[in-house]
Amino acid sequence: MSETLINTQQLKRSDFVSDQAVKWCPGCGDYAILAQAQKVFPDLGVKKENFVFISGIGCSSRFPYYMDTYGFHTIHGRAAAIASGVKVANPELSVWIITGDGDGLSIGGNHTIHLLRRNIDVNIILFNNRIYGLTKGQYSPTSELGKVTKSTPLGSIDRPFNPASLALGSRGSFIARTLDRETKHMQEMIKRSHAHHGTSFLEVYQNCLIFNDGAFENLTNRDVKEDNILYLEDGQPMLFGSKKTKGIHLDGNVPVVIDIEDDKWSVDDVLVHDEKDFIIASILSHITFQPGLPTPIGVMYAKDVPVYEDLHMAQIDKAKTNRQGSVSDILTAGDTWTVE
Amino acid sequence: MSEQTAEMKHVEEVIIRFAGDSGDGMQLTGDRFTANTAIIGNDLSTLPDYPAEIRAPAGSLAGVSAFQLRFSSKDIHTPGDEPDVLVAMNPAALKVHLKEIVKGGTIIVNANAFTPKNLKLAGYETNPLEDDSLKNLYTLYSIEMTKLVVAACADMDLSSKDIERTKNMLALGYLFWMYNRPLENTKTWLKQKFAKKPLIAEANIRALDTGRNYGSTTEVFTTRYTVAKAQLRKGTYRNINGNYATALGLAAAAEKAGRPLFYGGYPITPASDVLHTLAAWKHMNVRTFQAEDEIAGIAAAIGAAFAGNLACTATSGPGVALKSEALGLAVMAELPIVVVNVQRGGPSTGLPTKTEQADLYQAVYGRNGEAPIPVIAAATPGDCFYAAYEASRIAVMYMTPVILLTDGYLGNGSEPWAIPSMDDLPDIPLKFVTEHNGEDRFLPYLRDEKTLARAWAIPGTPGCEHRIGGLEKGDPTGDVNYDPDNHHVMIMRRAEKVNGISRELPETKVYGKKSGDLLLLSWGGTFGSTRSAAEKLQSEDASIGHVHLRWINPFPNDLGDILAKYDKILIPEINAGQLRTMIRAEYLVDAIGLNIVRGRPIRSRDIIEKVKEMVG
């Protein structure tokens with residue numbers, strides 16, 4: 001191990017590229033996510049040996065093999081629970097959970113919501129392609145109602161989750177969304193996820209070329225995407241459209257789209273984003289995939305709340321102050337008697 | 001009759017069973033008698049027996065909670081077969097437990113609880129205290145316990161409910177008189193327990209005194225008993241139950257290994273006390289994580305092991321079922337974790353508060369694929385400490401999950417325990433790799449030549465970055481590998497590694513005859529009953545031996561030779577014959593089973609009868 005690798009200032013993209021051949025399908029959105037991660041990680045100010053990637057099962061979960069860091073490709077749905085153990089065991093580590101809509105929201109849904117509730121300082125990147133890829137194309141818990149797949153030849157009849165709403169309902173403290181095609185934006189979101197102290201939940205809309213191609217076409221097609229994406233910026237009015245003339249306005253408690261070029265409206269009528277506002281975050285998460293409304297991209301919610309392992313270590317430190325002693329002391333504590 | 005004139009009789013041992021409603025405080029009463037008896041220096045063994053319902057309807061048969069205690073001037077191994085004394089706080093308690101009391105035994109009841117309503121709830125058509133059904137067969141002491149405590153505390157500013165609740169202390173005070181035990185330890189304990197409620201403490205102390213005085217001043221009781229100190233080996237002793245001992249063994253292993261102890265788990269009867277105990281030891285850097293479910297409990301433990309803590313979880317059978325996929329991951333990732341199964345009655349939810357030994361197959365075989373896991377079983381409550389320590393030592397030394405089997409009886413039962421010194425416990429050789437062990441990289445599956453343990457480097461170690469996972473690993477790179485020959489090699493390596501643990505096992509001890517007519521072979525919590533039976537048979541010159549198995553996977557290397565030295569083999573188990581099947585399969589011997597699955601320890605008497613039937 002050379003000193004240069006220990007000095008985080010000099011880490012390079014190549015330091016994070018493992019010797020394993022990447023085995024995703026050609027054209028998969030996962031490549032873009034891997035590329036952005038490898039680009040951003042050298043600059044996060046963390047020693048390379050302190051990065052840990054934990055994944056479950058699914059296409060996305062192969063990710064740790066391709067990062068030359070500590071990694072653990074575990075079992076289906078359990079990455080959040082395993083990562084919780086890693087972080088509580090060693091809070092110094094920068095822990096990243098790589099999961100998908102099936103892994104993190106279906107079989108592992110319970111662990112995801114409880115991780116968010118506890119607010120352990122780990123980072124979740126959830127690749128949402130709205131389909132099961134690795135098992136060859138069944139519908140997922142984020143697939144739209146009526147989805148025709150191998151397992152639902154007449155269309156799916158269960159309603160999908162909206163991951164952002166689920167995360168918010170689980171009392172997540174950082175909820176953001178990005179797109180596999182928006183590389184710069186994704187880099188920014190990875191940096192923001194890392195900077196947040198607490199669980200960060202980053203949903204990445206990711207295209208599955210084989211089983212669900214075009215799922216996010218309206219957000220990636222150059223001709224229409226400007227009208228369908230609402231880029232969020234803290235403290236800024238929620239404007240969108242190619243000329244930023246459309247805005248989100250609250251009509252009572254119902255979000256509607258207004259045109260600020262219309263005499264009736266001005267920019268003052270547009271809702272201003274506040275990352276710390278739970279109500280605004282609720283509105284933003286709910287307008288996802290709503291007909292007539294754009295899809296919010298960016299940080300929907302970011303608030304500092306108590307972090308699990310901080311409280312945990314504080315309890316340990318306090319206990320050490322209040323009570324000295326080792327196993328020997330406990331062995332001999334209480335009523336004892338001696339046989340001569 | 002005064003205290004001085006009561007006849008004092010010396011007896012070798014006594015078995016008392018306290019029984020009452022779930023809310024009558026029978027577990028606490030039994031606990032206090034146990035603590036006091038331990039300090040006096042008797043050997044003892046206890047068996048708490050409580051319902052799964054927290055508070056079943058008052059007075060109902062379902063709500064009866066009991067605590068059995070055997071104390072002796074001799075070295076004993078079990079809480080005893082048939083109680084000499086039954087304390088029944090209501091008709092339901094009498095109904096449930098009467099049939100197990102030795103004929104001619106003593107029955108002490110709270111007469112005030114024998115109301116028409118309670119008699120009806122217990123299914124009595126007439127009051128058994130008023131006819132001759134009990135008096136002809138037992139020595140019956142019918143005491144108006146409720147009335148006595150109400151009178152004793154009449155001047156106190158307490159609700160009648162609070163006062164009536166002290167009747168268990170009255171029963172205890174009376175028994176302390178009857179068995180010649182001081183009250184001071186219990187009074188001190190009551191003052192501490194109710195430090196913030198001095199009135200409650202005072203009421204309980206008054207009840208305790210009232211019980212003692214009742215014994216010494218009324219003319220009802222003609223005999224008191226003494227049980228001499230047991231001749232235990234030299235040492236400093238304490239009373240300990242199995243779940244506490246398990247927690248202590250895990251903490252001792254972590255301290256010896258110099259690592260934080262991480263416990264990930266989900267509450268489940270009868271294992272939750274392991275979590276409760278460890279949660280109070282944060283000052284020793286014990287990290288407890290109450291997870292969202294059983295799966296997350298073990299998953300977090302696996303994560304903590306990956307990060308370099310000594311990691312463990314405790315559960316019971318249904319919890320192990322949920323953890324089995326993660327156990328497979330720990331096998332594949334070759335990470336050290338200890339999984340404690342405090343076995344209870346199954347299948348499914350089964351009998352949550354009753355004991356059983358029916359998770360042996362689950363421990364040895366219960367996973368997909370070839371997933372060998374070492375399995376160790378504790379023999380007594382105090383042995384849970386050593387078994388937990390040994391499980392941790394082997395886990396770390398061999399880089400493997402280890403399953404520790406205890407059971408509800410061991411977990412909740414208690415016995416006097418010679419306190420070990422930390423210095424006397426074996427070392428736990430835990431070494432992390434900090435440099436490349438391959439030419440230009442870290443090879444996570446490069447194995448120790450002797451133990452076959454893989455190399456362990458933890459996150460935070462510069463230069464040893466590596467990836468592991470549940471997919472088959474390449475030997476020794478740890479890279480994902482689908483090669484057929486590699487898979488075969490890895491399957492065999494993992495099996496060889498676990499089998500190799502037999503080299504750590506000491507020579508198997510045979511109690512009694514080293515060869516002969518019959519070998520008693522036991523494992524886990526059946527140790528006590530089997531050893532007691534063996535001692536009795538030995539004293540009658542029967543040609544029998546007794547071997548108790550501590551490790552069930554792998555078996556000790558000398559077991560086959562020992563089995564061959566006896567004409568017959570009898571395996572008593574609280575299951576339908578799980579060890580028997582394994583022994584027959586492994587050694588091709590005609591082992592016979594004694595399988596009594598009643599949610600309770602097998603009685604020594606049943607084992608003795610079976611042996612006599614087999615060898616005439």
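## Chatting through a two-chain model

Reader: Quick one to start: is Met582(B) buried or exposed?

Author: Met582(B) counts as buried, because its relative accessibility is 5%. Buried means under 20% relative accessible area, exposed means over 50%, and partly exposed is in between, with a 1.4 Å probe and protein chains only. The areas themselves come from the Shrake-Rupley method with a 1.4 Å probe, and for residues only the protein chains shown count as cover.

Reader: What should I know about the model and the numbering?

Author: This is a predicted model, where local features need pLDDT of at least 70 and side-chain atom pairs count only at pLDDT 80 or more, while totals for chains, interfaces and linings use all residues. Residues are numbered from 1 along each chain as its sequence is written, chains are lettered from A and ligands numbered from 1 in the order in which they are written, and side-chain values use heavy atoms, with hydrogens and water left out.

Reader: Back to Met582(B), where is its place?

Author: Met582(B) belongs to helix H19 (residues 578-587) of chain B. Helices (H or I, at least four residues) and strands (E, at least two) are DSSP runs, numbered from the N terminus. Between Met582(B) and Val364(B) there are 9.7 Å, C-alpha to C-alpha, although the two are 218 residues apart in sequence.

Reader: OK, salt bridges. How many over all chains?

Author: The search of the whole structure gives 39. A salt bridge here is a side-chain nitrogen of Lys or Arg within 4 Å of a carboxyl oxygen of Asp or Glu. One of them joins Arg600(B) and Glu100(B), at 2.8 Å from N to O.

Reader: Which parts does that pair tie together?

Author: Arg600(B) is in the loop between strand S23 (592-595) and helix H20 (604-615) of chain B, and Glu100(B) is in the loop between helix H2 (91-97) and strand S6 (106-110) of chain B, so the pair ties together parts 500 residues apart in sequence. Both Arg600(B) and Glu100(B) are buried. They also belong to a network of salt bridges that links Arg17(B), Asp49(B), Glu100(B), Lys354(B) and Arg600(B).

Reader: And what about Arg447(B) and Glu334(B)?

Author: Their side chains form a salt bridge too, at 2.7 Å from N to O. Arg447(B) lies in the loop between S16 and strand S17 (467-469) of chain B and Glu334(B) in the loop between helix H12 (317-333) and strand S13 (337-343) of chain B, so this pair ties together parts 113 residues apart in sequence. Both Arg447(B) and Glu334(B) are buried.

Reader: Is Asp590(B) buried or exposed?

Author: Asp590(B) counts as exposed because its relative accessibility is 54%. Its side chain meets that of Arg584(B) in a salt bridge of 3.4 Å, N to O. Arg584(B), at 34% relative accessibility, counts as partly exposed.

Reader: Switching to holes. How many cavities of 30 Å³ or more?

Author: The count is 5. On a 1 Å grid over the protein atoms alone, a cavity is a set of points where a 1.4 Å probe fits but cannot get out, a pocket is an open set with protein on both sides within 12 Å along at least five of seven lines, and lining residues have an atom within 4 Å of a point. The largest cavity holds about 80 Å³ of space; volume is the space filled by probe spheres set on the points, which are joined across faces, edges and corners.

Reader: Which residues line the largest cavity?

Author: There are 13, with Leu47(B), Pro48(B), Thr353(B), Thr355(B) and Gly599(B) nearest its centre. Strand S3 (43-49) and helix H15 (408-412) of chain B are the elements that give two or more residues to this lining.

Reader: How big is the second largest pocket?

Author: Its volume is about 1600 Å³. The lining has 40 residues, and those nearest the centre are Arg233(B), Asp383(B), Lys509(B), Phe527(B) and Arg550(B). Helix H14 (383-398), strand S16 (414-418), helix H17 (527-539) and strand S20 (544-549) of chain B each supply at least two lining residues.

Reader: Last topic, chain A. How many helices and strands?

Author: Chain A has 12 helices and 12 strands. Of its 340 residues, 56% count as buried. Its C-alpha atoms fill a box of roughly 95 × 50 × 45 Å, taken along the principal axes.
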